[in-house]
Amino acid sequence: GHGYSVGLHFGNSFFNAQQVHKKPNSSFILKKCIYSSVAREAIFEKLLLKYREEYFKNNRDWVNGFYLEFSLLSAFFKGEAYSSENETRLLVIHPNAFQSIDGVVQKTEHYRKNKNYIVPYISLDFVSESVSEIMIAPTTYRHHNEKVLQKIVRNQTIRISHSEIPARLW
């Protein structure tokens with residue numbers, strides 16, 4: 001718990017500002033997270049049955065299709081303990097994230113260090129009028145963080161809130 005969650009209004013001003021979206025074959029998927037293990041299992045079972053049929057039809061591309069769909073869907077799966085977040089995720093599909101120019105891979109993807117692992121991300125252009133809320137992750141300094149954020153966003157209609165997820169500080 002050292003992070004923040006930023007709530008956005010996904011209007012035209014947000015999407016029009018994104019340079020990544022203007023690249024060929026790029027698109028956005030905006031979807032609510034799925035917290036229920038029963039719902040996740042039902043989705044996974046449906047996906048397995050779909051690609052089981054492709055397998056028996058001798059469609060050699062079934063593995064690629066299954067992998068792609070499962071990867072996209074799993075980006076919206078979260079544990080039930082986080083359901084109070086009621087999160088909506090924006091997934092950017094950018095097929096040219098790694099482009100080869102003269103044999104050298106050019107990355108449009110960036111990486112940041114998390115507490116336990118490295119997280120890939122792509123940069124999106126910031127549109128200040130799109131920010132509606134900033135949620136502070138569980139931390140022992142949550143009220144200090146709130147005061148600092150209030151100073152940063154003064155004179156703007158941005159709601160500052162705290163995550164209801166219990167802090168684990170070990």
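Trainee: Is Lys57 buried or exposed?
Mentor: Lys57 counts as exposed, at 60% relative accessibility, where exposed means over 50% relative accessible area, buried means under 20% and partly exposed lies in between, using a 1.4 Å probe and protein chains only. This is a predicted model, in which local features need pLDDT of at least 70 and side-chain atom pairs count only at pLDDT 80 or more, while totals for chains, interfaces and linings use all residues. Residues are numbered from 1 along each chain as its sequence is written, and side-chain values use heavy atoms, with hydrogens and water left out.

Trainee: And which side chain does Lys57 meet in a salt bridge?
Mentor: Its partner is Glu54, at 3.9 Å from N to O, and a salt bridge here is a side-chain nitrogen of Lys or Arg within 4 Å of a carboxyl oxygen of Asp or Glu. Glu54 itself counts as partly exposed, at 21% relative accessibility.

Trainee: OK, how many salt bridges does the structure hold?
Mentor: It holds six, and one of them links Glu53 with Arg52, whose closest N and O atoms are 3.8 Å apart. Glu53 is partly exposed at 42%, and Arg52 is also partly exposed, at 45%.

Trainee: Switching topic, what does Arg89 pair with?
Mentor: The side chain of Arg89 meets that of Glu87 in a salt bridge, 2.7 Å from N to O. Salt bridges that share partners then join Lys78, Glu87 and Arg89 into one network.
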